[in-house]
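Thank you all for coming. I would like to take you through one structure this morning, beginning with the overall picture and then turning to a few residues.

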Amino acid sequence: MSLAAAQPGFLSPSGVEIAFLLVGLVTLGAALVTVTTRQLVHAALWLVVTLGGIAVEYLLLTAEFIAWVQVLIYVGSVVVLLLFGLMLTKAPIGRSPDADSGNRPVALAVALAAAAALVWVVVDAFRTTWIDLDGPAQGSTKVTGEILFRHWVLPFEALSVLLLAALVGAIVLSRKDRPEEGPR
């Protein structure tokens, strides 16, 4: 038996690869609906579907810890914070005609250029990277915890301060202006 016949290739995908592709297509579709819908609350709910799809992709890549972090932090916290921000700032719940600036062609061109640049940077950065399959799994809790607490502590804490500042800002914006009270 030849080596090509022993290992599945591009033309004979496994069930996990097919599931990964299908979930990726659903996630991409949900992301497109997220940015094209005119109702802000619907956009937030489609964002939940998008972030949930990304969590499923992490599960398919056997990165269970990252998948749970995705669900707990992004789906459970960031989207809830976004919805609270919408409610506290009294954003319109229905259709928002002022949410569309009419610059869709320019926005599409910028999005495609940014996507192309991102793909080029990622492909260029990881072109010669090899994964050690004999070591601990890269998505495991041990490896992820070591990387997070050794190299990414400061950005992680900065993000938490940024989210706290956004919550405080939403609360400040939602407060009603009270008329100045005179002396008693």
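**From the whole chain to one helix**

Among contacts in the protein chain between residues at least 6 apart in sequence, 66% join residues at least 24 apart, where contact means heavy atoms within 4.5 Å. Please keep in mind that this is a predicted model, in which local features need pLDDT of at least 70 and side-chain atom pairs count only at pLDDT 80 or more, while totals for chains, interfaces and linings use all residues. Residues are numbered from 1 along each chain as its sequence is written, and side-chain values use heavy atoms, with hydrogens and water left out.

The protein chain has seven helices and zero strands; both kinds of element are DSSP runs numbered from the N terminus, helices being H or I with at least four residues and strands being E with at least two. Of the 184 residues in the protein chain, 14% are buried, and here buried means under 20% relative accessible area, exposed means over 50%, and partly exposed lies in between, with a 1.4 Å probe and protein chains only.

Let me turn to helix α2, which has 22 residues and reaches 32 Å from its first C-alpha to its last, close to the 32 Å expected at 1.5 Å a residue, the expected span being 1.5 Å times one less than the number of residues. Which residues of α2 are buried? They are T27, A30 and T34, and they lie on the same side of α2 because they cover an arc of only 60° around the axis, the arc being that of the directions from the helix axis to the C-beta atoms. The face turned away from that buried side carries the exposed residues L21 and L22, whereas the cover over the buried residues of α2 includes α3, residues 40-60.

T34 deserves a moment of its own: T34 counts as buried because its relative accessibility is 15%, and a polar atom of its side chain lies 2.7 Å from the backbone oxygen of A30. Leaving aside neighbours within four places in sequence, T34 is in contact with A43, W46, L47 and T50.

Finally, a search of the whole structure finds one salt bridge, meaning a side-chain nitrogen of Lys or Arg within 4 Å of a carboxyl oxygen of Asp or Glu. In that salt bridge the side chains of R127 and D124 meet at 3.6 Å, N to O; R127 is exposed, with a relative accessible area of 56%, and D124 is partly exposed at 41%.

Technical notes. A polar contact is a pair of N or O atoms within 3.5 Å; within protein, one must be able to donate a hydrogen and the other to accept it, and residues adjacent in sequence count only if both atoms are side-chain atoms.
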